[in-house]
Amino acid sequence: MALGTRTDRQPSVIRLFWRSTVGKKTVMALSGLIMLGYLVAHMLGNLKIFFGADEFNGYAQWLRTMGEPVLHYSWALWLLRVLLLLAVVGHGVAAYQLSRRDIAARPDKYVHRRRRASYATRTMRWGGIILALFIVWHLLDLTTLTVNENAQSGRAYENVVATFSTWYGNVIYIVAMLAVGLHVRHGFWSAAQTLGMGNATRERILRTAADALALVLTAGFLSVPVAVMTGVVS
């Protein structure tokens, strides 16, 4: 009787939603928007480096004290990190499973002819892998300070300058930020379509917004290593 009860148990609504293609695309869209909001805030925070070491180090310290006295020291920052981690994992897993599902539906990709996709669309998978590897390096470089040979604890400004004073630090960051731009350009438009915001009238507006957002984010992030390389920030 007990075995029969377990066999007849129906999957939960959440599991059915996750198993569906629409569910996975929705998870990708929502997690992508969470990460996009973080990128905008992160880029604006990075630009504080142009106001000097005191301003930038003060901003880095504020990230650890925001939410006080309601929250303890660094709690708000850790909550944001957990939210971002969940978004990254959900985004990556959904993207991988959708990719496998798409490949399984096309057993012979050379026979099945499809309309040629944009460059950003065709590089989404590799861009995602590049960004996943970059996130690991970025955390080891400027959060745990593991790979930053000249890192100083509590000196965010000096640590950023140290990173972009090396050729490999600049190459890794610039490649990753170009991948961010391509990923945002296609991802923003795809998320809008998935969430039902797109239609024939809005398509041009959404594509223009995606282009502008990708350009502003890429330029904003790249301005920091360029400023260090040219001596504007030192």
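At 21% relative accessibility, Leu145 counts as partly exposed, a class that lies between buried (under 20% relative accessible area) and exposed (over 50%), as judged with a 1.4 Å probe on protein chains only. Leu145 sits in the loop between helix H7 (124-142) and H8, where helices are DSSP runs of H or I with at least four residues, strands are runs of E with at least two, and both are numbered from the N terminus. Although Leu145 is not a glycine, its phi is positive, at about 60°. Most residues other than glycine have a negative phi, and most peptide bonds are trans.

The structure is a predicted model, in which local features need pLDDT of at least 70 and side-chain atom pairs count only at pLDDT 80 or more, while totals for chains, interfaces and linings use all residues. Residues are numbered from 1 along each chain as its sequence is written, and side-chain values use heavy atoms, with hydrogens and water left out.

With a relative accessible area of 12%, Ser74 is buried. Pro69 also has its place in the loop between H4 and H5, and a cis peptide bond with omega of about 5° joins Glu68 to Pro69.

Seen as a whole, the protein chain has 10 helices and zero strands. Of its 234 residues, 32% are buried. Among contacts (heavy atoms within 4.5 Å) with a separation of 6 or more, 66% are between residues 24 or more positions apart. Confidence is given as pLDDT, the predictor's own value for each residue, from 0 to 100. Its mean over the protein chain is 87, and 90% of the residues reach 70 or more. The lowest confidence falls in helix H1 (residues 2-7), with a mean of 53, and the highest in H8, at 95.

How do the helices meet? Two packed helices are described by the angle between their axes and the distance between the axes. Helix H4 (residues 53-65) packs against helix H8 (residues 156-163) at an angle of about 105°, and their axes are 7 Å apart. That makes H4 roughly perpendicular to H8, given that 65 to 115 degrees counts as roughly perpendicular, under 35 as roughly parallel, over 145 as roughly antiparallel and the rest as oblique. On the H4 side, Ala53, Phe56, Asn57 and Ala60 meet Ala156, Tyr157, Glu158 and Val160 of H8. The residues of this contact comprise six nonpolar, one polar and one charged.

Gly90 is found in helix H5 (residues 75-105) and counts as buried at 15% relative accessibility. Leaving aside residues up to four places away in sequence, Gly90 touches Trp18 and Val27. Gly90 and Gly32 are 58 residues apart in sequence, with 9.4 Å between their C-alpha atoms.

An unreviewed UniProt entry places the feature "transmembrane region" at residues 27-53, 73-98, 119-140, 160-184 and 205-228; such annotations may be inferred rather than shown by experiment. Residues 160-184 are 88% helix and 0% strand, with end C-alpha atoms 24 Å apart. Residues 205-228 are 100% helix and 0% strand, and their end C-alpha atoms lie 35 Å apart.

Terms used. Axes are lines fitted to C-alpha atoms, for helices over the stretch in contact, and angles run from 0 to 180 degrees between N-to-C directions. Ala, Val, Leu, Ile, Met, Phe, Trp, Tyr, Cys and Pro count as nonpolar, Asp, Glu, Lys and Arg as charged, and the others, Gly among them, as polar.
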